Amino acid sequence: MTLIDHLDHLQAALAAAPVPDPGGGEAPPGVGDKILTILKWIAYLATAACVGGVLYTAAKMALAHRRGDDTNISQLGWVFAACMLIGSASAVVGALI
């Protein structure tokens with residue numbers, strides 16, 4: 001048998017082997033609720049950080065405008081991008097899995 005014949009045989013054997021589908025997975029008993037609670041806390045803190053970031057950036061822009069300085073609107077864009085990413089985190093992860 002040649003190397004190509006061995007590779008063809010291996011490929012056929014791998015194609016016939018059953019591949020388990022883990023699906024969405026399953027949390028170990030007694031752990032799922034605790035992890036979900038921690039994720040909810042993290043989501044709450046991340047949302048609070050987004051609100052704080054918008055307020056901080058707006059205050060900084062207002063002070064800069066009052067002083068006649070140039071305002072850097074890109075900082076507000078980064079805050080909005082972070083807000084969108086945090087808000088859609090579960091959808092993004094769900095699409096990737």
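Ala46, Cys50, Gly53, Val54, Tyr56, Thr57, Lys60 and Met61 of helix α2 are in contact with Gln75, Leu76, Val79, Phe80, Ala82, Cys83 and Ile86 of helix α3, contact meaning heavy atoms within 4.5 Å. By class, this contact of α2 with α3 comprises eleven nonpolar, three polar and one charged residues. Here Ala, Val, Leu, Ile, Met, Phe, Trp, Tyr, Cys and Pro count as nonpolar, Asp, Glu, Lys and Arg as charged, and the others, Gly among them, as polar.

The model is predicted: local features need pLDDT of at least 70, side-chain atom pairs count only at pLDDT 80 or more, and totals for chains, interfaces and linings use all residues. Residues are numbered from 1 along each chain as its sequence is written, and side-chain values use heavy atoms, with hydrogens and water left out.

**Helix geometry**

Helix α2 spans residues 32-67 and helix α3 residues 74-87; their axes come within 10 Å and cross at roughly 165 degrees. Helices are DSSP runs (H or I, at least four residues) numbered from the N terminus. Axes are lines fitted to C-alpha atoms, for helices over the stretch in contact, with angles from 0 to 180 degrees between N-to-C directions. The two helices are therefore roughly antiparallel to each other, a term applied to angles over 145 degrees. The crossing of α2 and α3 is left-handed, meaning that the near helix is turned anticlockwise from the far one by less than a right angle.

**Residues at the contact**

Thr57 lies in helix α2. Apart from neighbours within four places in sequence, Thr57 touches Gln75, Leu76 and Val79. Its C-alpha atom is separated by 34 Å from that of Lys34, 23 residues apart along the chain.

The table lists relative accessibility, where buried means under 20% relative accessible area, exposed over 50%, and partly exposed in between (1.4 Å probe, protein chains only).

| Residue | Relative accessibility | Class |
|---|---|---|
| Thr57 | 1% | buried |
| Cys50 | 12% | buried |
| Cys83 | 24% | partly exposed |

**Cysteines**

The whole structure contains zero disulfides, a disulfide being a pair of cysteine sulfur atoms within 2.5 Å. The cysteine sulfur closest to that of Cys50 belongs to Cys83, at 3.4 Å, which is too far for a bond.

How values were computed:
Angles under 35 degrees count as roughly parallel, over 145 as roughly antiparallel, 65 to 115 as roughly perpendicular and the rest as oblique.
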